[in-house]
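Hi,

Could you look through it when you have a moment?

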There are 6 protein chains.
Amino acid sequence: MSTVSNQVDAAMPTVRLIGSGLPGMPWQDRPADHPGVVWRYHDNPVIPRNPFPTANSVFNSAVVPYQNGYAGVFRCDDTQRNMQLHAGFSPDGLDWSLDPERIRFVSDDPDIGRWAFGYDPRVCWIDDRYYVTWCNGYHGPTIGMAWTTDFRTFHQRENAFLIFNRNGVLFPRRIGDDYVMLSRPSDNGHTPFGDIFLSRSPDLEHWGRHRFVMGAGSGWQSTKIGAGPVPLETSEGWLLFYHGVLTSCNGFVYSMGAALLDLDEPWNVIYRSAPYLLAPWEPYECVGDVPNVVFPCAALADADSGRIAIYYGCADTVTGLCFCRVDEVIDFLRHHSMV
Amino acid sequence: MSTVSNQVDAAMPTVRLIGSGLPGMPWQDRPADHPGVVWRYHDNPVIPRNPFPTANSVFNSAVVPYQNGYAGVFRCDDTQRNMQLHAGFSPDGLDWSLDPERIRFVSDDPDIGRWAFGYDPRVCWIDDRYYVTWCNGYHGPTIGMAWTTDFRTFHQRENAFLIFNRNGVLFPRRIGDDYVMLSRPSDNGHTPFGDIFLSRSPDLEHWGRHRFVMGAGSGWQSTKIGAGPVPLETSEGWLLFYHGVLTSCNGFVYSMGAALLDLDEPWNVIYRSAPYLLAPWEPYECVGDVPNVVFPCAALADADSGRIAIYYGCADTVTGLCFCRVDEVIDFLRHHSMV
Amino acid sequence: MSTVSNQVDAAMPTVRLIGSGLPGMPWQDRPADHPGVVWRYHDNPVIPRNPFPTANSVFNSAVVPYQNGYAGVFRCDDTQRNMQLHAGFSPDGLDWSLDPERIRFVSDDPDIGRWAFGYDPRVCWIDDRYYVTWCNGYHGPTIGMAWTTDFRTFHQRENAFLIFNRNGVLFPRRIGDDYVMLSRPSDNGHTPFGDIFLSRSPDLEHWGRHRFVMGAGSGWQSTKIGAGPVPLETSEGWLLFYHGVLTSCNGFVYSMGAALLDLDEPWNVIYRSAPYLLAPWEPYECVGDVPNVVFPCAALADADSGRIAIYYGCADTVTGLCFCRVDEVIDFLRHHSMV
Amino acid sequence: MSTVSNQVDAAMPTVRLIGSGLPGMPWQDRPADHPGVVWRYHDNPVIPRNPFPTANSVFNSAVVPYQNGYAGVFRCDDTQRNMQLHAGFSPDGLDWSLDPERIRFVSDDPDIGRWAFGYDPRVCWIDDRYYVTWCNGYHGPTIGMAWTTDFRTFHQRENAFLIFNRNGVLFPRRIGDDYVMLSRPSDNGHTPFGDIFLSRSPDLEHWGRHRFVMGAGSGWQSTKIGAGPVPLETSEGWLLFYHGVLTSCNGFVYSMGAALLDLDEPWNVIYRSAPYLLAPWEPYECVGDVPNVVFPCAALADADSGRIAIYYGCADTVTGLCFCRVDEVIDFLRHHSMV
Amino acid sequence: MSTVSNQVDAAMPTVRLIGSGLPGMPWQDRPADHPGVVWRYHDNPVIPRNPFPTANSVFNSAVVPYQNGYAGVFRCDDTQRNMQLHAGFSPDGLDWSLDPERIRFVSDDPDIGRWAFGYDPRVCWIDDRYYVTWCNGYHGPTIGMAWTTDFRTFHQRENAFLIFNRNGVLFPRRIGDDYVMLSRPSDNGHTPFGDIFLSRSPDLEHWGRHRFVMGAGSGWQSTKIGAGPVPLETSEGWLLFYHGVLTSCNGFVYSMGAALLDLDEPWNVIYRSAPYLLAPWEPYECVGDVPNVVFPCAALADADSGRIAIYYGCADTVTGLCFCRVDEVIDFLRHHSMV
Amino acid sequence: MSTVSNQVDAAMPTVRLIGSGLPGMPWQDRPADHPGVVWRYHDNPVIPRNPFPTANSVFNSAVVPYQNGYAGVFRCDDTQRNMQLHAGFSPDGLDWSLDPERIRFVSDDPDIGRWAFGYDPRVCWIDDRYYVTWCNGYHGPTIGMAWTTDFRTFHQRENAFLIFNRNGVLFPRRIGDDYVMLSRPSDNGHTPFGDIFLSRSPDLEHWGRHRFVMGAGSGWQSTKIGAGPVPLETSEGWLLFYHGVLTSCNGFVYSMGAALLDLDEPWNVIYRSAPYLLAPWEPYECVGDVPNVVFPCAALADADSGRIAIYYGCADTVTGLCFCRVDEVIDFLRHHSMV
């Protein structure tokens with residue numbers, strides 16, 4: 001990771017970025033001595049493990065701008081250690097009110113609507129509503145899907161795929177005529193392998209024309225990879241943050257990298273980070289229910305300034321926040337790509 | 001398994017059965033002392049392991065009636081032990097001419113059309129053409145799909161699902177407005193688990209509304225199950241032969257059972273055989289490249305007589321043939337169902 | 001876990017509890033903002049990892065009231081990382097003098113008395129003496145048994161069971177005419193499964209009439225469970241604290257729950273906690289020789305006040321102490337039972 | 001294995017042997033060119049795989065002399081591949097009538113009497129009745145026990161041990177004041193390890209004083225061992241035939257050896273065969289549901305002649321018979337012992 | 001595998017081949033309908049499993065011409081299923097006298113000379129004596145080495161490598177100034193991977209300059225490969241027969257292929273067979289102690305006629321013989337190479 | 001571990017020790033209350049995880065005295081999490097300048113010189129130059145070797161052994177006529193076993209006469225062991241610090257012990273520590289990329305005072321320093337040896 005100059009951003013970013021801003025969120029510039037292009041919020045974690053009495057942990061959090069503030073869907077493991085999804089609201093993205101009751105999806109089909117478990121949500125605005133995707137238990141893990149307009153009522157739709165799948169992430173608009181989703185086919189355990197694929201759909205219900213996007217690499221991403229936040233649209237391509245996993249003799253280590261995907265054919269990878277952008281270094285990332293996990297699930301962008309805020313799960317226990325700038329990230333990818 | 005009376009069939013079967021007959025194939029009645037409702041052809045195997053010089057084995061064979069005789073798509077492992085698909089023709093279903101060149105699918109999309117491996121085909125007539133489904137290598141095993149009208153040119157389409165999947169079997173007509181397929185989600189190895197699911201599609205390209213049909217059971221089907229031949233339509237429901245796997249201390253044992261699925265909602269199982277119908281007992285089923293395998297892939301039906309002929313792979317090495325009658329099988333399911 | 005009111009205990013507990021008190025131990029009320037019914041001692045750990053020079057760690061500690069103070073049997077892994085048992089004494093349950101020499105059991109039978117290893121002890125007063133049970137090495141792990149009256153001389157008896165077994169816990173009195181023991185059959189490694197059974201004996205030497213009590217559940221107790229402290233007799237039933245294990249991609253996580261067993265037929269479970277009562281959250285529970293372990297081994301009760309003090313191992317490294325009240329725990333079980 | 005002289009037995013055996021004879025069974029002398037001390041019946045298998053319509057296989061058969069002929073308890077896997085026990089009768093030990101209905105044990109305790117599965121039975125006459133022991137499913141495999149006097153009504157008693165255990169084999173009389181049983185502690189799968197232990201009981205219900213007898217060795221018995229038939233009492237000690245398992249790259253291979261145990265302290269092994277006595281060489285032993293299995297379950301002795309007949313399971317599919325003479329076997333053990 | 005013309009060999013082979021002939025061995029031409037370039041001896045197996053009383057099996061046999069006939073070193077598993085090496089002699093290569101006593105190597109160094117186990121020998125004439133290499137047990141498997149001039153006294157030398165290694169095969173002359181050996185580094189179990197390496201030595205005691213030669217491929221050789229017989233020198237290069245392993249769901253399948261190595265730099269592979277040359281098809285190759293094994297260990301060559309005879313182990317139980325011609329094999333490699 | 005007196009060292013050590021001193025390094029005496037013979041530097045870690053921008057971690061560091069200060073070769077995992085070797089210099093052994101560019105070994109042989117990965121280096125002065133050994137990727141892990149005189153140019157030589165090997169450590173002079181190396185044969189993953197062997201060479205290129213030195217033991221060293229720093233020559237024998245590994249249910253734990261090897265026949269072990277000398281207790285040893293790792297790689301000695309400084313990797317993340325005295329260590333070994 002080369003050092004980057006630590007100048008203030010007085011001007012518009014070079015790379016155009018689509019995003020509805022970071023209303024009310026206090027921005028934090030890169031610390032002067034920080035060598036990388038992603039840096040942590042100084043007061044991490046932003047969400048503790050037990051904001052309500054039945055919570056064991058809150059992490060892998062899908063945050064979106066909502067009504068002058070923020071809303072989100074959160075993975076909350078309860079004190080039974082069952083994996084649940086909860087909704088929450090915040091005026092500034094830091095101070096959160098989480099509903100202590102789990103989301104109860106509305107479904108016409110009792111077979112689909114029967115709740116087994118849910119984890120690792122993402123939220124994506126398309127057309128006129130928010131779509132939630134998550135790892136949904138239906139005789140095994142697959143990609144559940146629902147929509148909401150108010151983060152109070154969630155309408156569940158068909159699961160996107162057959163089991164076994166995880167990390168289903170929608171693109172925020174149709175590409176050509178298709179809805180597009182990234183996912184990571186897997187098995188039914190602690191999958192020791194995994195590549196990112198792309199699938200297309202005319203109706204968000206039937207999915208096909210599956211394409212390989214990118215696979216496990218070396219080093220920090222040698223075991224498996226999975227899409228993180230909903231991709232950010234930029235003038236250079238889709239900016240995708242993703243997680244990669246390395247297997248040490250003591251288990252998995254989850255780190256974060258980024259890739260740039262072609263705007264029109266997003267199964268074509270333009271750049272992909274050879275080094276990681278963020279890895280578990282801080283105590284709240286190294287110690288917890290699953291040691292050594294950094295797991296990004298949401299990226300918010302401010303078009304005017306090029307600022308990006310990323311929410312990420314820490315040690316499967318708490319939620320962290322980190323920052324970067326679109327110009328620096330894409331410049332970094334250009335110079336440190338493994339493609 | 002109760003004994004069944006061994007009477008000749010003088011009359012129409014009670015259960016109506018859709019099928020285009022068994023032209024030219026010599027029928028063999030159940031041997032007088034045979035206790036079960038499925039019995040083997042007396043001169044098995046009907047296809048040896050090396051009908052042409054580069055063949056290591058021919059098994060898991062998808063046979064259909066074709067032009068007053070039969071055509072088929074065959075799994076032929078070559079002497080590199082690569083898994084290939086070959087076409088073949090026969091006047092009577094017993095004497096086969098197999099093309100020594102593997103099928104080369106025609107595809108407009110080089111990414112999809114790039115051949116890695118293919119195995120365990122099924123062939124299904126729908127509307128106006130034959131569809132072939134098989135386990136297709138595309139960064140991992142998934143369900144490949146192609147169509148043909150002459151068993152000489154095969155047009156490849158999109159893979160039906162993301163990896164990892166096997167045993168994709170189409171229904172022979174739309175149900176409601178949908179094309180319907182059974183499949184068995186799996187992992188990328190010698191999967192030690194597996195249940196049958198059903199998926200629907202408006203266009204044979206995008207698949208959704210996935211439903212659990214039935215899972216591994218006990219005894220002979222305790223490790224995993226997978227759909228076998230294209231289901232046969234009867235007045236009682238869809239008759240599905242399937243394979244089940246038991247894990248002994250020396251590996252997998254593959255046997256054959258049957259299920260009856262609801263005509264309109266085929267994810268509803270009416271009956272399902274608690275005992276197996278056929279298990280590896282004969283030397284050509286117990287000894288070969290994979291000992292102890294009986295693996296059905298095609299079932300041909302004669303509507304007038306209720307006769308059914310089933311092609312099945314033996315020890316992953318040769319192809320066997322066995323017979324049954326629709327009335328007896330459904331009566332057996334009714335009295336020995338685990339549902 | 002619902003919040004509980006944090007009132008002082010001015011009155012007798014509603015549930016009657018048998019126990020000989022907590023002499024000299026400073027009681028600590030539940031912190032005002034603590035959501036659960038079990039809370040930690042403010043100055044944990046109460047025993048450090050190396051109270052004597054050859055100690056690597058002291059944990060999974062079996063404490064009982066003894067002569068106006070406390071005595072106990074402790075798992076002390078030495079600096080060879082061999083698992084040993086040591087005796088110790090304390091005036092107040094907090095300040096401990098541990099014998100730096102391991103217990104050397106007296107046995108008439110050299111085959112039984114030959115020491116291989118011992119760990120995870122429990123101590124139980126029955127009739128007129130203290131019985132020690134532990135995981136004893138005899139061609140594999142089983143339940144060792146010995147008695148003492150002075151915690152200086154320990155008389156070893158027959159192992160209770162064949163290998164492989166762990167977590168053998170006696171009831172503190174005969175039930176009917178029988179001595180009764182809980183245990184957890186296992187294998188010879190880091191067993192990835194395990195249920196609690198109950199066995200009976202006329203003589204503490206021959207055991208039989210084994211009964212299933214309860215098995216692994218979901219979430220925090222989905223991999224295996226094992227009895228913790230000697231059960232506490234209450235007017236509602238036997239109060240059993242136990243550990244449950246969840247398998248993350250980075251290993252086992254041990255948490256603590258509780259169950260209420262029928263007084264006369266203790267293989268009948270009245271209540272069983274669906275949420276955990278205590279899970280590894282503190283640094284001394286998350287970091288150490290085995291990260292993420294909370295493992296209760298002894299529960300002391302004060303009949304008059306309903307106060308309970310629980311000793312538990314932390315990260316297989318040090319010993320922690322936590323508190324609860326019998327009324328609150330049983331009320332919690334009543335409202336959060338998975339039975 | 002040294003060659004042995006092939007003389008006829010004109011005289012009493014040197015070693016005294018307790019046994020009630022082989023009424024009606026045609027004896028077969030050792031073939032002239034046979035190098036070993038155990039030889040097969042010329043018309044093996046003596047019981048085919050499907051003597052009744054619902055049988056998949058009949059093997060691991062526990063035969064005893066009964067009323068001028070023979071009775072037995074048989075492992076019959078049915079065509080569901082569930083493991084069942086069936087009773088049977090024979091005038092000569094070769095021609096068997098098996099009850100097509102499985103044994104339904106009579107039990108006063110519904111928890112114990114609830115049938116899950118049963119396999120690998122042994123039958124032992126003690127005092128005034130026949131005791132049956134088998135691998136019984138009770139939340140896992142353990143040693144089931146029952147008694148009968150007529151092989152029609154079987155009275156089930158308490159399971160002898162906690163799970164997990166297999167190959168429980170009783171001695172045919174008390175030793176000292178104790179009933180004595182051999183068994184093989186195991187896990188809940190296809191156990192890859194296992195030693196023989198001995199346990200004692202005052203009442204056939206409570207078991208204790210467990211002793212290690214002998215463990216896995218090298219070569220043919222390097223993975224695990226288990227007691228086979230009920231031990232035969234001889235003037236030299238208890239003659240125990242047992243099975244040993246070797247793990248090849250293609251799975252387990254089960255062979256048969258023998259040991260001589262001390263008459264009064266049968267946990268002391270006097271001799272133990274370094275070579276096997278019988279290994280899977282014949283097609284019916286090498287090919288079947290589990291290839292390469294020889295598994296002895298019953299040994300019948302004729303005191304006058306020293307003749308012994310051993311029933312053994314073949315490839316987990318059929319039942320074989322083999323013969324030996326007590327003098328030759330013990331002489332062989334004396335000269336080829338690994339003790 | 002293309003068909004090859006089945007003409008008689010009237011003339012000298014095109015490819016020059018070094019070899020001392022096949023004295024007394026009856027040659028057998030390729031059967032008229034045989035499609036491949038290697039064909040089996042019509043009366044296989046040539047050595048049964050128990051040519052002497054303590055033999056369980058004789059296979060993986062290293063045969064060389066010796067004094068107008070043949071001598072060899074044989075893997076004989078005894079009836080303890082310990083792996084031993086035995087010497088043997090034959091006038092014609094078909095009728096063998098095997099010494100029933102195992103080879104007892106002479107060694108000056110008791111640490112090296114202590115016998116643990118030995119298997120899979122090869123014999124190679126270099127300079128003035130026969131060198132034997134085998135898989136030797138020395139705190140794990142490595143390559144043992146010894147020499148003999150009379151196949152009665154064998155002088156053991158230093159092990160060639162550190163553990164873990166198997167399939168050490170010498171070249172029959174120095175190349176440059178070096179002795180040269182092929183081997184297959186492995187682990188200490190049923191290794192599921194393995195490539196062929198080459199090492200060099202000035203003195204047959206110290207080995208270095210290790211080079212990768214070729215690795216596992218696809219299909220029949222996808223799990224691991226290992227050198228078979230001592231390479232045959234030809235005018236085109238070193239002709240190496242080798243084994244490859246495929247992992248089916250029921251275990252390993254061993255087949256035989258061939259490669260041509262550069263004469264001067266034998267770590268350079270000129271050709272390598274994409275298809276196998278021989279695979280387990282016959283009952284004595286498919287059924288036995290390890291089903292589905294063809295394992296070549298010795299190749300004898302007749303320079304004048306180009307005839308080659310190959311000894312190979314069958315199912316780890318018996319020894320088979322097969323034939324080929326140097327011209328046909330090298331022509332086959334040229335046209336079916338995966339290099 | 002017995003307590004040791006904490007006196008100052010006023011006099012020469014009793015045990016003579018070869019070493020070139022600790023120039024400029026501030027010595028730190030044992031803390032008064034420290035029970036063991038090895039104690040940590042008070043300001044550990046001495047090298048942080050990211051001394052230059054592309055570093056993820058710096059650990060397992062091979063330090064030697066060099067030109068009035070120190071030089072070293074360091075394992076630096078980069079932010080791709082690839083394992084690299086870097087050179088560095090320090091005036092005092094605490095303050096380090098690491099070259100941000102990895103070492104690029106000079107090699108005449110492109111096959112050997114092609115860089116795959118390198119880790120866990122050791123540096124050893126022999127005769128007239130520094131030799132570097134490390135775990136080198138060459139179709140698998142083996143022992144790479146190179147030499148340098150200035151720590152700027154490194155000349156790569158032949159790998160010492162075939163794959164799979166790790167922890168190759170040279171002795172600092174010839175013994176007899178031989179160069180001598182310790183190593184740990186392994187497999188190609190997170191090897192769960194491993195013993196230390198010794199090999200000899202006339203030329204540092206060809207290695208032979210391999211001898212077993214010592215194997216995994218019990219407790220802290222029950223899974224595997226490996227040599228640590230280059231052995232220190234003393235008047236009593238070679239003092240070898242080594243690492244041992246224990247497998248907990250949550251992974252490997254690496255600790256440090258010591259052994260004394262015979263001066264002339266260093267495969268003979270005189271003493272070997274039954275307890276560990278240092279185990280992961282401090283946060284920087286317990287938390288990091290691989291929790292619970294103490295891994296010594298370099299030991300520096302001062303002949304006059306008997307002082308020893310040991311560099312060790314901490315949690316595969318940072319580098320620690322600890323101290324001891326030769327008299328105390330050898331005295332400890334004498335009294336706590338498992339030999």
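Let me begin where chain A meets chain B: there the rule finds 8 salt bridges across the interface, a salt bridge being a side-chain nitrogen of Lys or Arg within 4 Å of a carboxyl oxygen of Asp or Glu. One of them joins R211(B) to E158(A), with 3.0 Å between the closest N and O atoms.

Before going further, please keep in mind that this is a predicted model, in which local features need pLDDT of at least 70 and side-chain atom pairs count only at pLDDT 80 or more, while totals for chains, interfaces and linings use all residues. Residues are numbered from 1 along each chain as its sequence is written, chains are lettered from A and ligands numbered from 1 in the order in which they are written, and side-chain values use heavy atoms, with hydrogens and water left out.

**Chains A and B**

The count of polar contacts between chain A and chain B is 13 residue pairs, both residues at pLDDT 80 or more. (A polar contact is a pair of N or O atoms within 3.5 Å; within protein, one must be able to donate a hydrogen and the other to accept it, and residues adjacent in sequence count only if both atoms are side-chain atoms.) On the chain A side, the elements that give two or more residues are α1 (110-113), β11 (179-185), β12 (196-201) and β13 (206-214) of chain A. Helices (H or I, at least four residues) and strands (E, at least two) are DSSP runs, numbered from the N terminus. The largest share of that side comes from β13(A), with 7 residues. By type, the chain A side divides into 13 nonpolar, 11 polar and 8 charged residues. Here Ala, Val, Leu, Ile, Met, Phe, Trp, Tyr, Cys and Pro count as nonpolar, Asp, Glu, Lys and Arg as charged, and the others, Gly among them, as polar.

In total, 32 residues of chain A are in contact with 32 residues of chain B, where contact means heavy atoms within 4.5 Å. The two chains bury about 2600 Å² between them, 62% of it on carbon and sulfur atoms; buried area is the accessible area (1.4 Å probe) that two parts lose on being put together, summed over both.

β13(A) also pairs with strand β13 (residues 206-214) of chain B, in the antiparallel sense and over 3 bridges. Two strands pair if DSSP finds at least two bridges between them. Within this pairing, H206(A) has G208(B) as its bridge partner.

**Chains B and E**

A rotation of 120° with 0.0 Å of shift along its axis superposes chain B on chain E, with an RMSD of 0.1 Å. That is the relation of a three-fold axis. The superposition is by least squares on the C-alpha atoms of residues with pLDDT of at least 70 in both copies. In chain B, N250(B) comes closest to the rotation axis, its C-alpha being at 3.9 Å.

Which surfaces do the copies use? Only 10% of the interface residues of chain B are also interface residues in chain E, so the copies meet through different surfaces.

This contact takes 21 residues from each of chain B and chain E, and the pair buries about 1800 Å², 57% of it on carbon and sulfur atoms. On the chain B side, T79(B), Q80(B) and R81(B) lose the most area to chain E, together 30% of what that side buries. The count of salt bridges between chain B and chain E is 0, while the rule finds 9 residue pairs in polar contact, both at pLDDT 80 or more. The elements of chain B that give two or more residues to this side are β2 (55-66) and β17 (251-261), and β17(B) gives the largest share, 3 residues. That side divides into 7 nonpolar, 10 polar and 4 charged residues.

**A sheet in chain E**

Four strands of chain E form an open antiparallel sheet in the order β2-β3-β4-β5. β2 (55-66) and β5 (97-98) stand at the edges with a single partner strand each, so one side of each is left without a neighbour in the sheet. β2(E) pairs with β3 (residues 69-78) of chain E over 9 antiparallel bridges, and G72(E) is the bridge partner of V63(E).

**Backbone points to check**

Most residues other than glycine have a negative phi, and most peptide bonds are trans. A cis peptide bond joins I163(C) and F164(C), with omega about 10°; F164(C) is in the loop between β9 (155-157) and β10 (165-170) of chain C. Another cis peptide bond joins N44(E) and P45(E), with omega about -10°, and P45(E) lies in the loop between β1 (39-40) and β2 of chain E. A315(E) is not a glycine, yet has a positive phi of about 55°.

Best wishes
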